[in-house]
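Have the sequence and the 3D view open side by side.

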Amino acid sequence: MIIISQDKEKIVNFSNIQEMNIEEWSTMKEGKVIWFYVINAEKSKDYQTEIGRYSTKERAKEVLQEILERYDVLKKNTTYAQGDSGFTFNGHYYHEMPKE
């Protein structure tokens, strides 16, 4: 599954994610921010990229649940078959991080 970042500037392959975290931090400019970041399994553990920001940790957890539900639906709707691609998908193969 592909995850499209909230700002629509990044695409992350869910298969390559080692960790997906929700982090809370504060800045003078933005106040308290909850943000998702992922750590890529193919790169060093220091490689992190932000994929979305939310005003509360509860909302960030809801978004995480949406990602898991989308992934579960994709797994159930994937049909393995003979052919060039080896498998087919019924539905969207991506998840867009919601604005808020």
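What follows is a look at Ser5, Lys8 and Ile11, with a table of their accessibility.

This is a predicted model, in which local features need pLDDT of at least 70 and side-chain atom pairs count only at pLDDT 80 or more, while totals for chains, interfaces and linings use all residues. Residues are numbered from 1 along each chain as its sequence is written, and side-chain values use heavy atoms, with hydrogens and water left out.

Let's begin with the loop. Ser5 sits between β1 (2–4) and β2 (11–13), and Lys8 belongs to the loop between β1 and β2 as well. Ile11 lies in strand β2. Strands (E, at least two residues) are DSSP runs, numbered from the N terminus.

The table uses these classes: buried is under 20% relative accessible area, exposed is over 50%, and partly exposed is in between (1.4 Å probe, protein chains only).

| Residue | Class | Relative accessible area |
|---|---|---|
| Ser5 | buried | 1% |
| Lys8 | partly exposed | 43% |
| Ile11 | exposed | 64% |

What surrounds Ser5? Beyond its neighbours within four places in sequence, Ser5 is in contact (heavy atoms within 4.5 Å) with Lys10, Ile51 and Met97. Its side chain also makes a polar contact of 2.6 Å with that of Asp7. A polar contact is a pair of N or O atoms within 3.5 Å; within protein, one must be able to donate a hydrogen and the other to accept it, and residues adjacent in sequence count only if both atoms are side-chain atoms.

Lys8 has a positive phi of about 60 degrees, although Lys8 is not a glycine.

Ile11 touches Ile2 and Ile3, leaving out residues up to four places away in sequence. The C-alpha atoms of Ile11 and Ile51 are 8.6 Å apart, with the two residues 40 residues apart along the chain.

Conventions:
Helix = DSSP H or I, 4+ residues; strand = E, 2+ residues; numbered from the N terminus.
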